[in-house]
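Visitor: I am new to this structure and would like to learn how to read it. Could you guide me through a few features?

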Amino acid sequence: MLTPSPSQAIAPPPGPVPAAGSAIEVDGLYFAYDGEWVLEDVHLSIPERTFLAVLGPNGSGKTTLLKLLLGILKPARGRVRVFDKAPELVSERFGYVPQNTNINQSFPVSVGDVVLMGRLGRGLRLRRRTKRDQELVRTALERVGMWSKRDRKMAALSGGERQRVLIARALAVDPRVLFMDEPTASVDAVFQTELYSLLKTLNETMTIVVVSHDLSVLSSYVGAVACVNRKVFYHDSAELTTEMIDRVYHCPVELIAHGFPHRVLRDHRDS
Amino acid sequence: MWSILQLEFMQHALAAGMLAALACGVIGPLVVVNRLVFLAGGVAHAAFGGIGLAFYFGFAPTAGALSFSLVSAMVMGSITSGRRQRSDTIVGVLWAVGMALGVVLIDLTPGYNVDLMSYLFGSILAVPASDLPVMAALDLLIVLVIGLFYRHYLAISYDEEFARVAGVPVRLLYFVLLALIAVSVVMLIRIVGLVLVIALLTIPAYMAEQRTGSLWTMMMVSAALAMVFTIAGLGLAVAANLSSGASIILVAAGCFFLDLVVTRLRQGMGRPSGAAS
């Protein structure tokens with residue numbers, strides 16, 4: 001039996017009230033895995049066309065939060081609203097880039113067919129691929145630099161290339177909200193920079209939520225930050241303060257604006 | 001050899017073999033890429049409970065097998081799709097319970113000596129002509145459903161979570177697939193028997209996966225391979241007076257291992273010597 005303990009130790013910051021055009025609203029959300037709270041009392045109000053970075057150490061509940069926003073997981077308490085509806089009702093306009101790019105590695109499928117999966121749409125509609133489908137697939141593949149490899153087998157690609165294809169698949173949806181879970185995990189530094197400038201362009205027309213443990217790259221592009229460590233701290237500015245990071249990581253973290261290689265964050269968790 | 005093809009039962013056997021091979025060519029790849037091999041094995045064995053029930057109450061064994069495999073597929077599906085943990089245990093239990101139930105029911109059936117071997121290891125040479133149109137109809141059903149919703153099945157097989165977010169009714173499609181697996185399994189029980197069903201669902205699909213670039217070509221190649229294995233196995237069985245089901249499986253397994261060895265050798269030659277792991 002779950003007995004939630006909405007501790008008030010650290011109250012979520014009041015945050016700004018986005019009067020109109022809110023994309024994502026989260027109210028008093030709780031989520032547990034096997035009787036243990038992963039997320040507690042989460043409140044979020046993300047205006048449309050926000051570029052939100054969701055940060056936090058491993059096991060902090062970042063991916064869980066993302067899956068709750070996507071409607072893949074259901075909250076134990078509280079609710080998620082995307083464009084004023086339950087996420088699963090509007091999710092056909094979500095572009096989702098999952099974290100694991102190694103799913104089904106030997107699966108016999110071409111790059112083009114994977115990206116075309118972004119054009120399925122809701123329900124079991126039987127329709128041929130339209131001209132618009134083909135254009136969106138082409139644009140998406142061109143944006144990630146994979147159009148020339150559209151006939152390649154997924155199994156023949158490198159990890160970074162597979163990641164690009166999965167990003168293209170999400171873009172082919174023509175999304176209103178783009179959700180990405182560690183999109184730079186297996187791509188090279190050059191594409192990483194390309195990707196973030198692409199996201200900046202896309203951000204003019206869509207809301208973007210990026211889950212990452214990579215603080216340095218995000219800080220220069222994002223418009224808002226949600227720090228996750230069972231609780232969620234939302235800041236609607238691009239500035240990452242050391243105080244914010246300290247709260248989440250529970251250890252002093254050095255902030256560097258553009259730092260390669262990655263710093264490894266020690267996993268300090270209150271237990 | 002040609003004179004044997006004049007025999008009516010031989011023609012029926014070949015026709016039944018081709019129809020079953022088509023079903024396993026379409027469904028086998030979906031079983032393999034969705035990692036449903038164990039579940040398919042469970043469904044095949046649970047079907048034996050239905051066969052026992054059919055003998056006990058005196059109705060057609062195929063009807064008993066079909067209803068039992070459908071029900072057990074749905075039960076296993078609802079358990080596996082909800083909680084992944086321990087779902088293989090439940091499949092294993094249903095697998096054994098179905099078998100035990102079948103054996104006990106046949107024990108209880110008065111004065112009836114059932115040829116258990118033909119259900120366990122197939123009886124392709126005893127397929128009655130009346131079964132052929134039923135098998136053809138089931139084939140048509142399988143090809144139609146998978147053909148119409150090919151893109152949906154491709155999407156849920158490749159990345160179920162993404163498909164769900166995109167609004168694809170993943171659960172519905174999953175249970176329809178399980179029903180089609182149950183149907184295919186019952187067809188294959190006729191040919192190779194319930195013990196050997198898994199081999200014919202997996203071997204052609206695995207060999208096809210290595211050679212093809214898309215799911216539908218994988219299906220075509222596995223159907224072709226299943227047909228070749230069935231014909232060759234049947235030929236071997238007739239020529240050497242062996243059990244047909246086991247012969248088909250041994251031909252398939254022989255090709256499978258030969259393929260594995262050849263692939264290994266070829267990979268070995270491509271690399272500098274001593275690099276093989």
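Visitor: How many residues does helix α11 of chain B have, and how far does it reach from its first C-alpha to its last?

Guide: Keep in mind that this model is predicted. Helix α11 of chain B covers residues 197–209, which is 13 residues. From first C-alpha to last it reaches 19 Å, close to the 18 Å expected at 1.5 Å a residue.

Visitor: Is α11(B) largely enclosed or exposed?

Guide: A residue counts as buried if 20 or more other C-beta atoms lie within 10 Å of its own. In α11(B), 13 of the 13 residues are buried, so the helix is largely enclosed by the rest of the structure.

Visitor: Which residues have the most contacts inside the largest nonpolar core?

Guide: In soluble globular proteins, nonpolar side chains tend to be buried together. Here the largest nonpolar core has 164 residues, and A47(B), I181(B) and L200(B) have the most contacts inside it. Leaving aside residues up to four places away in sequence, I181(B) touches I27(B), V31(B), L36(B), A40(B), V43(B) and A73(B).

Visitor: Now to chain A: in what order do the three strands of the open sheet lie?

Guide: The order is β2-β1-β4, with antiparallel pairing. At the edges are β2 (36–47) and β4 (77–82) of chain A, each pairing on one side only. Neighbouring strands of this sheet are turned by 15 degrees against each other on average, direction ignored.

Visitor: Which helix packs on this sheet?

Guide: Helix α1 of chain A, residues 62–70, does, touching β1, β2 and β4 of chain A. Its direction makes about 125 degrees with that of β1(A).

Visitor: How many bridges join β1(A) and β4(A)?

Guide: They pair over five bridges. As one example, V26(A) has V80(A) in β4(A) as its bridge partner.

Key
Residues are numbered from 1 along each chain as its sequence is written. Chains are lettered from A and ligands numbered from 1 in the order in which they are written. This is a predicted model: local features need pLDDT of at least 70, side-chain atom pairs count only at pLDDT 80 or more; totals for chains, interfaces and linings use all residues. Helices (H or I, at least four residues) and strands (E, at least two) are DSSP runs, numbered from the N terminus. The expected span of a helix is 1.5 Å times one less than its number of residues. A residue is buried if 20 or more other C-beta atoms lie within 10 Å of its own, exposed if 12 or fewer, and partly exposed in between; C-beta atoms are placed from the backbone. A nonpolar core is a set of buried Ala, Val, Leu, Ile, Met, Phe, Trp, Tyr and Cys residues joined through C-beta atoms within 7 Å. Two residues are in contact if their C-beta atoms, placed from the backbone, lie within 7 Å. Two strands pair if DSSP finds at least two bridges between them. Axes are lines fitted to C-alpha atoms, for helices over the stretch in contact, and angles run from 0 to 180 degrees between N-to-C directions.
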